[in-house]
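Here is a briefing on one protein model and its ligand.

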Amino acid sequence: MSIVTGKQYIDRIDKLKNEIWIDGEKVEDKLSEHQAFKGILKSKAALYELQHDSSLQEKLTFVEQNERHNFAYKQPKTISCLQERRDGTQLWAKENGGTIGRSPDYINTAIMTLGTSHSFFDNRFANNATNLYERAKKNDLSFTHTFINPQSNRSPFYFESYRENNKDDIVAAKVIDETEDGIVIHGARLLATQGGITDEILVLPAATKSMDTTYAFAFAIPSNTPGLKFLCRQSYASSSNCQFDYPLSSQFDEVDAIVVFDHVLVPWECVLLYKNSEKASTIFTETNLNIMLLYQAVSRQIIKTEFILGVGESLATSIDVTQYQHIQEKLSEIIVCLEIMKSLLARAESEASVNSFGTMVPAHVPLMTASNYYQKTYPRLVEILHLIGASGFISLPTEADFNTTIGKELEHYLQAANVKGRERVQLTRLAWDLTMSPFGSRQTQYERFFFGDPIRLSSALYLSYDKQPFVDDIDSFLK
Ligand SMILES: Cc1cc2nc3c(=O)[nH]c(=O)nc-3n(C[C@H](O)[C@H](O)[C@H](O)COP(=O)(O)OP(=O)(O)OC[C@H]3O[C@@H](n4cnc5c(N)ncnc54)[C@H](O)[C@@H]3O)c2cc1C
């Protein structure tokens with residue numbers, strides 16, 4: 001197999017019969033027929049289907065040894081190859097306004113990065129990294145991932161290993177046994193977006209203050225591995241199957257899951273890293289995994305900002321408020337954000353360089369700057385839409401209301417300067433679903449946190465930034 005079709009992806013996920021719990025029940029039906037998952041599965045299938053569209057195939061796939069693969073599995077070796085990767089990400093993101101944070105290219109990028117950096121890993125696991133990459137590329141596998149321990153205690157004085165002696169008390173996933181066949185993992189991880197609806201899960205080392213090496217591991221296993229459970233948050237799609245009322249929740253709710261490892265045996269051939277605390281703490285930086293993932297994220301965020309600008313301008317035009325200077329100022333704030341993000345991405349590309357594994361890696365400072373900036377700016381973009389839409393976000397009947405005898409009155413009383421009542425409600429519902437519905441609120445929390453805690457990411461930028469030349473300038477100035 002090489003690139004999958006949408007149907008092949010869905011059939012494969014349905015067949016896995018992963019252990020998934022949601023809204024008070026264990027999922028027994030086909031995932032593609034379950035109200036919580038059918039929207040996102042259909043949307044992901046549509047992305048895979050685009051790989052077969054003759055007008056887009058060259059942008060979304062590449063050919064290697066007579067087989068066609070997804071664009072994100074290609075190791076970029078030149079700047080133009082990086083830019084092709086960005087085009088692929090943005091093409092897919094345009095299908096959902098950038099609201100699917102974990103479109104398959106996100107973790108495909110991680111797998112490509114780890115596979116091509118196989119020499120980073122301990123000798124006994126290096127082949128596993130290569131094999132994972134080849135298997136994923138060949139079968140067009142999809143992945144979820146998890147790298148954070150549960151939020152039980154974040155005090156600077158707390159160590160996970162306090163719990164290590166009592167198996168029943170383990171919270172953060174750790175190795176509890178080592179056998180001829182592999183390592184046995186028990187405990188939980190905080191979160192995996194799309195947990196349960198991907199072929200496999202990539203488990204990366206979690207930041208931990210513990211010196212205990214039983215917390216130092218990385219591996220990838222099928223989502224239906226015995227003992228692996230996905231405990232999903234409440235679905236935002238279950239009560240929102242009407243696309244008019246919930247244009248985004250109904251199609252793009254990715255679902256996030258707590259991941260529980262109940263004595264899960266991870267075969268040795270799936271292990272990438274074990275008992276090596278030094279490699280566990282440097283895997284993100286030494287392989288450039290963090291930068292390659294940020295490149296995908298910033299490329300997507302640009303498309304999302306364009307989507308927000310489109311929604312903001314349409315809202316303002318619908319009620320004819322674009323002549324007010326403060327509305328122009330608010331919309332220009334979205335433009336400024338968009339242009340800053342595009343400029344930072346362009347600079348990251350133009351200053352890219354080849355790393356020791358032969359990968360063309362974008363420059364890290366512009367990407368870290370973009371990520372820091374967007375984490376803080378995204379809530380303001382949301383606020384701008386709220387300020388422009390005002391009570392329009394509240395006076396929002398449903399499609400069903402338009403289909404009753406009061407439909408004509410709604411059409412009349414909700415008309416706007418430049419659109420009819422029904423169209424105006426449809427547009428405002430889109431803005432509401434993007435920013436105010438449970439789906440929309442999660443989008444804000446996602447952009448703030450998906451790449452890590454904004455506070456610690458700002459520290460990482462500060463600590464890695466070379467400030468010395470400027471300090472030297474000041475010294476010379478004072479002399
Ligand atoms: C919608 C969504 C989707 C996500 N998807 C995924 C996913 O697919 N896979 C995955 O692995 N993760 C995912 N995450 C988790 C994400 O990686 C974490 O939210 C992020 O790393 C921050 O960790 P935390 O949530 O545990 O916050 P915490 O670390 O618990 O922070 C809570 C608060 O305490 C402060 N704090 C805690 N520790 C420190 C410290 N040492 N120094 C300073 N301040 C501190 C923080 O600043 C913050 O204000 C997702 C998160 C969200 C919101």
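β6 and β7 form a hairpin, with three residues between them. The model is predicted: local features need pLDDT of at least 70, side-chain atom pairs count only at pLDDT 80 or more, and totals for chains, interfaces and linings use all residues. Residues are numbered from 1 along each chain as its sequence is written, and side-chain values use heavy atoms, with hydrogens and water left out.

- Strand β6 (residues 174-178) pairs with β7 in the antiparallel sense over four bridges. Strands are DSSP runs of E with at least two residues, helices are runs of H or I with at least four, and both are numbered from the N terminus. Two strands pair if DSSP finds at least two bridges between them.
- Strand β1 (residues 19-22) runs parallel to strand β10 (residues 228-232), and three bridges join them. I20 has F230 in β10 as its bridge partner.

**Four-stranded sheet**

- A sheet of four strands is also open, with the order β5-β8-β9-β12 and mixed pairing.
- Its edge strands are β5 and β12 (271-274), each pairing on one side only.
- Neighbouring strands here are turned by 20° against each other on average, direction ignored. Axes are lines fitted to C-alpha atoms, and angles run from 0 to 180 degrees between N-to-C directions.
- β5 and strand β8 (residues 200-203) pair in the parallel sense over four bridges. H145 has L202 in β8 as its bridge partner.

**Ligand site**

- The ligand has 21 residues around it, and R102, F147, R154, T193 and R456 come nearest. A residue counts as near if one of its heavy atoms lies within 4 Å.
- β5 (143-146), β7 (182-193), α15 (438-449) and α16 (454-464) each give the shell at least two residues.
- Domain 2 (144-283) and domain 3 (288-466) both contribute to the shell, so the ligand lies between them. The domain bounds come from an automatic or database domain assignment.
- By class, the shell has nine nonpolar, six polar and six charged residues. Ala, Val, Leu, Ile, Met, Phe, Trp, Tyr, Cys and Pro count as nonpolar; Asp, Glu, Lys and Arg as charged; the others, Gly among them, as polar.

**Polar contacts and burial**

- A polar contact here is a pair of N or O atoms within 3.5 Å.
- A side-chain N or O atom of R456 is 2.6 Å from an oxygen atom of the ligand.
- D453 places a polar side-chain atom 2.8 Å from a ligand oxygen atom.
- H145 uses a backbone N or O atom, 3.0 Å from a ligand nitrogen atom.
- Taken alone, the ligand exposes 960 Å², and the protein buries 74% of that. These accessible areas come from the Shrake-Rupley method with a 1.4 Å probe.

Technical notes:
Polar contact = N/O pair within 3.5 Å; in protein donor to acceptor, adjacent residues only side chain to side chain.
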